[in-house]
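Dear colleague,

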Amino acid sequence: MTIKLRGDVVDNDTAAFYNWFGMDSISPAAVSDALEDAGGGDVDVSISSYGGDVFAASDIYTELKSYAGKVNVTVTGIAASAASVITMAGDNVSMSPTAQLMIHNASSAVQGDTRVMNHEAGVLDNINKSIAAAYVAKTGMAKADLLDLMNQETWLTADQAKDYGFADKVLFDDDSADTLQAVASASSIPARSAVAKFRNLLAAEKPANKAAAKPAATEPTRSNVLQQKLDILRGAK
């Protein structure tokens, strides 16, 4: 099942406001309902959001981390601020090569005297530490280092996010010539690489012009042909 998360991260009441105006939003209730519909099966979460309410993001992060099935998260555009926290809930996190991930400190707007301001500063410091906990769990980095990256408002490419450990994979990144071949069978089937070599072997043996085909100066022996076939099945280069 695929769950698409788009728009601002908001609480459930604010989500009703967004829905009334036909605006995209990401809310704890919407994610909870989607996970309930998934029924414990694996889910693919596609996310692109600039962030929003940090506590709503915490609710969603907790829902995804507590889910019985496997959670695969893909960042298609941007996972910024609170949306980056949600992203960290993925058992596997993939990013489009054109996507970005951004982490920074929490912010708020308050009014009052110095006591109020100092109190709010302490609240924000603690929120930053809570946010960093999600990053620590995913990356394994030291919390102090992550808080420093948050202080700098760090924007990361897909490759940089992977290097830091925020992402596990960059989409369409061909690290090897072989592609994933998922199999559900009681018996073995040839690997795609072996099939490709077999097709190349047939193409090489086919005369360019059947009418003008002439016997080769030296015909391949039966043992050589068998060896070629064995090499193909073994995946030999």
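**Helix contact and aromatic pairs**

In helix 2, Pro-28, Val-31, Ser-32 and Leu-35 meet Ala-56, Asp-59, Ile-60, Glu-63 and Leu-64 of helix 3, where contact means heavy atoms within 4.5 Å. The residues of this contact divide into six nonpolar, one polar and two charged. The model is predicted: local features need pLDDT of at least 70 and side-chain atom pairs count only at pLDDT 80 or more, while totals for chains, interfaces and linings use all residues. Residues are numbered from 1 along each chain as its sequence is written, and side-chain values use heavy atoms, leaving out hydrogens and water.

Helix 2 (residues 28-38) and helix 3 (residues 54-66) pack at about 15°, with their axes 9 Å apart. The two helices are therefore roughly parallel to each other (angles under 35 degrees).

The count of aromatic pairs comes to five, a pair being rings of Phe, Tyr or Trp (its six-membered ring) with centres within 6.5 Å. Phe-17 and Tyr-18 have ring centres 6.2 Å apart and planes at 75°, so this pair is edge-to-face (planes over 60 degrees apart). Phe-17 is partly exposed, at 47% relative accessible area, whereas Tyr-18 is buried, at 12%; buried means under 20%, exposed over 50% and partly exposed in between (1.4 Å probe, protein chains only). Phe-17, Tyr-18, Trp-20 and Phe-21 form one aromatic cluster.

The rings of Tyr-135 and Phe-166 are also edge-to-face, with centres 5.6 Å apart and planes at 80°. Both residues, Tyr-135 and Phe-166, are buried.

Yours sincerely

Key:
Axes fitted to C-alpha atoms, helices over the stretch in contact; angles between N-to-C directions. Helix = DSSP H or I, 4+ residues; strand = E, 2+ residues; numbered from the N terminus. Parallel < 35°, antiparallel > 145°, perpendicular 65-115°, else oblique. Nonpolar A, V, L, I, M, F, W, Y, C, P; charged D, E, K, R; others polar. Phe/Tyr/Trp six-rings, centres within 6.5 Å; stacked < 30°, edge-to-face > 60°.
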